[in-house]
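Let's take a friendly walk through one protein model, looking at its charged side chains and then at a strand inside a sheet. Keep the picture at hand while you read.

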Amino acid sequence: MSTDLTTYDGLLAAINDPAGREITDPATGDVIGCTHEGTVADIDAAVSAAVAAQPAWASRPVAERNDLLNKAADAIEASAEALAQLLSREAGKPLNGPNARFEVGACAAWLRANAAFVLEPEVLVDEDGTHAELVYDPVGVVGAVGPWNWPMMITVWQLAPALKMGNAVVVKPSEYTPLSVQGLIAVINQVLPADVLSVVAGDGAVGAALTDHDDVDKIMFTGSTKTGQAIMRSAADNLARLTLELGGNDAGIVLEDADPKAIATDLFWGAFINTGQTCAAMKRLYVPESLYQEVCDALVEVAAQMPMGVGLDENNVLGPLQNKQQYDIVARLVQAAKDGGATVLVGGDPQEGQSGYFYPTTIVADIDNDNPLVAEEQFGPALPIIKYTDLDQAITWANELEVGLGSSVWGSDLDEAKRVAARLEAGSTWINKHGAIDPRVPFGGVKKSGYGLEFGLEGLKQVSVPHVISW
Ligand code: NDP
């Protein structure tokens with residue numbers, strides 16, 4: 001029986017498995033629905049079907065695949081409100097602000113952007129009777145494994161370029177947000193041929209069955225450094241290609257000539273987007289002594305204007321932590337800051353007995369650079385602000401961790417900001433903004449934040465195999 005995927009009830013009915021595992025709303029504890037729990041056998045079946053479907057998909061003209069990506073974006077837009085409600089309930093994120101509706105909108109935008117990219121053959125040599133061209137062929141079957149924080153958007157980051165380049169894709173969502181990803185893929189699959197895109201929900205062992213699979217030629221992984229390392233080891237067996245987008249602990253550096261009031265709102269969202277549960281969110285902020293008090297005051301003032309609560313309430317722009325494990329990490333790190341003598345300017349004190357994994361918006365000052373809240377990734381709504389007196393020292397602090405995903409520099413003199421940006425060890429450095437991603441601009445990490453790039457033409461190349469043709 002087909003259901004109407006443009007309504008919340010229809011979408012949920014299409015993916016709900018009454019015999020499966022209950023999924024609860026992290027804001028209320030209410031049961032949303034039940035997810036099918038896939039097995040290793042389901043992974044084997046999905047990969048076999050993908051292997052069989054991929055050649056016909058790859059043999060279509062790229063214009064046809066682009067057309068279907070645009071139709072998938074149309075389908076997402078037709079189901080946008082249903083998808084946003086499902087995402088809001090399952091991930092806890094508010095409908096408004098840079099949250100659930102924003103995420104669903106980004107899914108459609110990323111599909112359209114990928115449909116519009118043109119990856120031309122590269123002419124390498126064309127002289128004296130010698131010619132060589134580099135073209136990009138499909139890899140084959142792509143295994144896509146993602147996290148729970150931006151479950152729909154990150155899945156689209158993985159599948160859109162892969163499908164465009166003629167690959168088949170098997171997705172394994174996080175066990176915390178399986179319904180959102182299954183809902184998204186049910187909507188997209190209304191327009192794609194059978195077996196080109198499939199999803200198998202399940203735990204880490206099901207994820208490992210996908211990433212270890214001999215017939216998976218490329219793995220797109222977003223998640224923790226630890227899991228990324230495990231995937232890299234297992235990929236050695238069949239030499240699967242890898243794109244690893246791993247954790248980060250992004251630094252922001254405010255320069256002496258910044259205007260605290262003018263940058264406060266962008267600083268806030270740089271740190272607190274998705275209630276801090278964002279890989280490339282600003283997770284530690286370095287501020288010169290001369291501006292320290294003003295920046296702290298301006299951030300506290302912005303924080304006071306940002307309501308936190310249940311996602312389906314239209315007023316809220318911040319929500320709960322998505323799961324207990326992440327709540328405990330944030331609580332432990334804020335406690336470490338208190339124990340270390342730091343000053344909690346706002347928040348830091350969750351209410352006893354409340355339902356949901358709400359941790360209040362927390363801003364911490366007078367904190368040492370080696371405090372765990374600075375040195376470890378909090379992945380939640382708690383920002384440490386570290387005072388510096390010497391810019392070189394701040395740059396050293398920004399660079400001294402093992403990770404390097406994003407970073408930012410905040411100041412009025414663009415040339416000076418660019419000079420500082422060039423000294424930061426990160427895959428992306430933003431000036432006067434943080435975490436501003438764009439489907440045309442490559443994104444990826446250095447050091448233990450992973451390797452490989454997503455987005456733009458570079459992203460297309462990474463779900464392809466290079467093929468040189470010479471004559
Ligand atoms: P995990 O690494 O725990 O999980 C990510 C995904 O991998 C999940 O789908 C998980 O399944 C699956 N998985 C677990 N074990 C294995 C395995 N052995 N082989 C294959 N797949 C496996 O990360 P989280 O979900 O906890 O996400 C949070 C982390 O992700 C943070 O550290 C954050 O920094 C990082 N992150 C990075 C981003 C980036 O772009 N660089 C973006 C977003 C998050 P299951 O859930 O069932 O265990």
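## Charged partners and a buried strand

R440 is exposed, with a relative accessible area of 60%. Keep in mind that this is a predicted model. The side chain of R440 has a partner: D438 forms a salt bridge with R440, and their closest N and O atoms are 2.7 Å apart.

Salt bridges can also share partners, and in this model D74, E77 and R112 are joined into one network that way. The count of salt bridges comes to 18. Here are some of them, for you to find in the structure:

| Salt bridge | N to O distance |
|---|---|
| D438 and R440 | 2.7 Å |
| D328 and K324 | 2.9 Å |
| D392 and R423 | 3.1 Å |

Let's take D328 and K324, whose side chains meet in a salt bridge. How far apart are D328 and K324 in helix α12? They are four residues apart in this helix, which covers residues 324–339, so about one helical turn separates them.

D392 is partly exposed, with a relative accessible area of 40%. R423 is partly exposed as well, at 43%.

Next, look at a strand. Is strand β14 largely enclosed or largely open? Six of the seven residues of β14 (residues 382–388) are buried, so the rest of the structure largely encloses this strand.

Which strands does β14 pair with? One of its partners is strand β11 (residues 282–288), which pairs with β14 in the parallel sense over four bridges. Within this pairing you can find L285 standing opposite I385 of β14. Another is strand β13 (residues 362–365): three bridges join β13 to β14, and the two run parallel. Here, V364 has P384 in β14 as its bridge partner.

Note on methods. Residues are numbered from 1 along each chain as its sequence is written. This is a predicted model: local features need pLDDT of at least 70, side-chain atom pairs count only at pLDDT 80 or more; totals for chains, interfaces and linings use all residues. Side-chain values use heavy atoms; hydrogens and water are left out. A salt bridge is a side-chain nitrogen of Lys or Arg within 4 Å of a carboxyl oxygen of Asp or Glu. Buried means under 20% relative accessible area, exposed over 50%, partly exposed in between (1.4 Å probe, protein chains only). Two strands pair if DSSP finds at least two bridges between them.
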